[in-house]
Amino acid sequence: MRVIQMTTNPNLNKDRKERHILALSGGKDSAALAVYMRDKYPDLDIEYVFTDSGCELPETYEYLDRIRAVLNIDITILKSERNFDYWLKYYKGVLPSPKNRWCTRQLKLKPFEAYIGDDLTYSYVALRADENRKGYLSKKRHVIPRYPFVEDGITLQDVINILQNCGLGLPAYYGWRKRSGCYFCFYQSDDEWRALKKYHPEEFEKACQYEENHSDGRIYTWRGKKGGKPLFLRDIDDFVPSGEKQRYEESINKKLSSLLKDIKLIGINTNYVLS
Ligand code: SF4
């Protein structure tokens, strides 16, 4: 496994004039795109990369291992030269939030763009035909996005089929969380936080400490405020065991939930809600 800590201009792959890069997110769509590209364009020299924020879920690393093994591919791990704690200090202790996504900028986008450098690059993006969003678009003119799923009409059901048919399955965190990313991601619903507390208590504790360790008394919380009062993670209640399934059903994307019913989740903890 190649791990690269990115500087601003690594001058990697200088000799390559045209590159094909598929960025894996640790989620189902990009994994399915890797399978799809391998099958449809077996001769294309694709570089598979994963940009590691350093704060990913254990299930994500496990799923990447599985992708490597099932597809027999190398995945280059890209990392920012500086970790989350460095950037948190740099931003004076202000936790990232939907309005201030410095985490994505510093830990995900910059290492990825540094890896691309100045090469003419086709970047394969796992947007599906049934999605109504744009996804990340590089401002660099030499980075050309390609949307194979959109072009070929691949939908969520197709993605699930692709992953099932090749034996890859889905990452285990789908048992309790909608998407990959940092364990403390502020896009989590309350139920996902509750599930983090239950399945990854150490990570949950670290997330709590990030809210509490401001020596100057300022308050930043991952979940923001309600009625002017900060919503501390420490105050979140536990899963109600009997309501677990129902809570999950309510919180996760309904369509994905129905598709996942008969599907095996791959991961360390097979006792997640859906298994
Ligand atoms: S997963 Fe969430 S916390 Fe992590 S970089 Fe992305 S937006 Fe930021």
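Colleague: How many residues does the protein have, and what percentage of them count as buried?

Modeller: This is a predicted model, by the way. It has 275 residues, and 51% of them count as buried. As for the overall make-up, there are ten helices and ten strands. Among contacts with a separation of 6 or more, 70% link residues 24 or more positions apart.

Colleague: Let's do the rings. What makes the pair of Tyr 86 and Trp 87 edge-to-face?

Modeller: A whole-structure search gives 18 aromatic pairs. In this one, the ring centres are 5.0 Å apart and the planes meet at 85°. Centres within 6.5 Å make a pair, and an angle over 60 degrees counts as edge-to-face, so 85° puts Tyr 86 and Trp 87 in that class.

Colleague: And why is the pair of Trp 87 and Tyr 91 called tilted?

Modeller: Their planes are 35° apart, with 6.4 Å from centre to centre. Stacked needs under 30 degrees and edge-to-face needs over 60, so anything else is tilted. That is the class of Trp 87 and Tyr 91.

Colleague: Which aromatic cluster holds these rings?

Modeller: One that includes Tyr 86, Trp 87 and Tyr 91, along with Phe 84, Tyr 90 and Trp 102 among others.

Colleague: Why does Trp 87 count as buried, and why does Tyr 86 count as partly exposed?

Modeller: Buried means under 20% and exposed means over 50%. Trp 87 has 12% relative accessibility, so Trp 87 is buried. Tyr 86 comes in at 34%, so Tyr 86 is partly exposed. Tyr 91, the tilted partner of Trp 87, is buried too.

Colleague: How do you know that the charged end of Arg 82 sits over the ring of Tyr 86?

Modeller: The distance part is simple: the charged end is 4.7 Å from the ring centre, and the limit is 6 Å. The direction must also be within 35 degrees of the ring normal. Arg 82 is classed as sitting over the ring. Arg 19 does likewise with Tyr 115, at 4.8 Å from the ring centre.

Colleague: Why is Thr 60 called buried?

Modeller: Thr 60 has a relative accessible area of 0%, and the cut-off is under 20%, so Thr 60 is buried. Thr 60 is in helix α2 (residues 58–71). Beyond four places in sequence, its contacts are Ser 25, Gly 26, Phe 50, Tyr 173 and Ser 180. Glu 59, also found in α2, is buried at 0% as well.

Colleague: What makes Asn 72 and Lys 92 count as exposed?

Modeller: Exposed means over 50%. Asn 72 has 70%, so Asn 72 is exposed. Lys 92 has 62%, so Lys 92 is exposed as well. Asn 72 is in the loop between α2 and β4, and Lys 92 is in the loop between α3 and α4.

Colleague: What is the phi of Asn 72, and what is the phi of Lys 92?

Modeller: Phi is near 55° for Asn 72, and near 55° for Lys 92. Most residues other than glycine have a negative phi.

How values were computed:
Residues numbered from 1 in each chain as written. Predicted model: local features only at pLDDT ≥ 70, side-chain atom pairs only at ≥ 80, totals over all residues. Heavy atoms only, no water. Phe/Tyr/Trp six-rings, centres within 6.5 Å; stacked < 30°, edge-to-face > 60°. Buried < 20%, exposed > 50% of the residue type's maximum accessible area, 1.4 Å probe, protein only. Helix = DSSP H or I, 4+ residues; strand = E, 2+ residues; numbered from the N terminus. Contact = heavy atoms within 4.5 Å.
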